[in-house]
Amino acid sequence: MVLLKRNLKNIISKSIKCYSSSSIKVDIDAKWKRAKPFSEIPSLPMLPIIGTAWHYMPVIGRFRLDRQNEANHEKHKRFGDILREKFGSLNLVMCFSAEDLREILRNEGTYPHRVEFTSIKAYRESRKHWFSTSGLLAVQGEEWHHLRGKTQEHLLKPAAVLKYFNSLQDVAIEFVQTIFENRDSNNEIPNFVRELYKFTLESVCYVGLDTRLGCLKSNLSEDSDGLKMINAVLAQFQAMIKLEAFSGNIQYWKYFSTPTWRKFVKYSDMYSEIAFKYINKAIIDLEFKKDEDKMTLIQALVVNKKLDVKDIMVMVADFLMAGIETTSHSAGFLLYHLARNPDKQQKLYEEITKVLPTKDLKMTTHMYEYEMKYLRSCIKESLRLNPVVGGTARILSKDAVLSGYHVPAGTLATVPYHELFRNERYHKEPFKFIPERWINKEKDFDPYSFVPFGFGPRGCIGKRLAELEISLFVTELIRNFTLEYHYEDIGVKTLLANVPDKPLRFSFIER
């Protein structure tokens with residue numbers, strides 16, 4: 001009897017699996033049969049050769065390249081969830097739904113292909129004495145997969161990042177102390193974004209190189225390595241906006257040396273010289289370190305011998321460069337939302353003082369991981385309203401169906417985060433700063449409607465470190481100051497990252 005029941009159960013189970021598999025196949029087949037042709041996807045008016053690029057040109061165009069979020073919002077309202085564009089020979093579809101983002105990421109394969117920074121690639125190929133590879137920002141395929149696979153364990157595993165907890169907390173405490181010292185008569189910090197750059201560079205150098213550059217010192221010389229690196233990175237980014245084709249520009253620099261290309265090379269050299277000076281020092285210092293838990297990122301990579309030393313040096317140089325602007329602006333937007341929502345700021349302050357009742361206490365890793373829930377929610381909510389990364393962009397490796405249309409392989413598929421994350425289809429009251437939504441997460445929450453650090457193999461390799469930096473800084477800031485903002489609303493300007501379009505003129509009122 002028992003055997004009969006077991007056999008019957010197996011038969012039913014197999015039947016269910018067979019039915020389920022059959023249903024999925026029928027659904028997939030039906031989806032492809034119903035798919036409308038690519039040519040029928042709604043499109044902006046096109047011109048011969050340049051396609052839709054003229055919409056972004058000065059005078060005749062209707063969209064500004066530095067206001068992509070506004071342009072995308074208008075496109076979404078006008079065309080719906082999908083839009084077709086064409087830049088020269090490149091076909092592009094812009095999608096605005098979580099469902100399409102899911103399909104795009106499922107389509108990416110082992111070696112996801114995204115738009116690369118051709119200016120970085122060209123520069124690094126011209127500097128073989130420093131670079132044996134163009135780095136994660138510029139390479140594709142197996143080379144990218146090799147680099148990514150050998151380094152991500154040191155940055156994406158929580159335990160690996162928490163090794164730097166105390167070091168980063170010391171930098172955060174020192175940074176907040178500089179705010180005490182440098183406030184003007186209005187309790188403001190002039191050019192606060194620049195101060196955030198100093199903080200993030202100091203933090204990331206401490207993690208990557210076990211080096212304190214001294215960026216937080218008062219009256220820091222413009223000739224100091226810290227400020228020279230910051231200025232070099234910002235100049236590189238400004239030049240890249242004009243050099244890259246995905247910014248809507250014709251790449252004359254590929255055929256003859258332009259002023260912008262020369263500026264890019266000048267500041268890239270300046271950055272590389274300083275970065276590699278400290279990277280080489282960290283490698284030399286390795287022979288005096290025996291405890292792996294006290295090794296810097298670059299030293300851990302050298303000891304594991306998974307990459308060539310020159311490859312490691314490129315990875316750390318990228319790590320330093322990428323960590324300055326994105327983390328700074330993420331922190332800046334968060335402070336803006338807390339200043340504009342004093343009730344939420346008060347709730348965060350109460351959580352912090354409950355965990356750290358006196359100002360002499362330091363946060364522990366246990367507190368950070370298990371007790372600072374509202375802090376985490378505030379960071380998430382700020383990234384939802386103001387993601388600093390523009391979106392996901394993938395060149396499809398195979399045909400896909402997006403929003404009911406057949407999109408062929410080789411098409412560049414993009415999903416702008418700013419428009420997706422503020423879509424009321426996925427998030428109630430999408431334009432309000434409501435950190436509680438992440439504590440009381442709705443049952444029907446679509447995980448693809450909020451992916452601020454990307455997803456899958458191409459997800460941001462430094463996301464855990466960025467979250468830790470911001471968490472430690474904001475904790476220290478809010479326990480010491482009430483934050484206020486009394487000026488115009490701050491919007492978004494589109495550069496290589498999304499950045500505030502107005503100065504961060506906060507008042508820091510001592511508690």
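Cys205 is buried, at a relative accessible area of 1%, and Cys378 is buried with a relative accessible area of 1% too. Buried here means under 20% relative accessible area, exposed over 50%, and partly exposed in between, with a 1.4 Å probe and protein chains only.

A word on the model, everyone: it is predicted, so local features need pLDDT of at least 70 and side-chain atom pairs pLDDT 80 or more, while totals for chains, interfaces and linings use all residues. Residues are numbered from 1 along each chain as its sequence is written, and side-chain values use heavy atoms, leaving out hydrogens and water.

Now to the nonpolar core, meaning a set of buried Ala, Val, Leu, Ile, Met, Phe, Trp, Tyr and Cys residues joined through side-chain atoms within 4.5 Å. The largest has 130 residues, and Phe192, Leu320, Phe473, Val474 and Phe506 touch the most other members. Helix H12, residues 309–340, gives the most to this core, with 16 residues; helices are DSSP runs of H or I, at least four residues, numbered from the N terminus.

Let's look at Phe192. Leaving aside residues up to four places away in sequence, its contacts include Phe175, Leu335, Phe473 and Phe508, contact being heavy atoms within 4.5 Å. Another core, of 10 residues, lies apart from the largest one, with Leu44, Phe63, Leu83 and Leu92 among them. Thanks, all!

Conventions: Helices (H or I, at least four residues) and strands (E, at least two) are DSSP runs, numbered from the N terminus.
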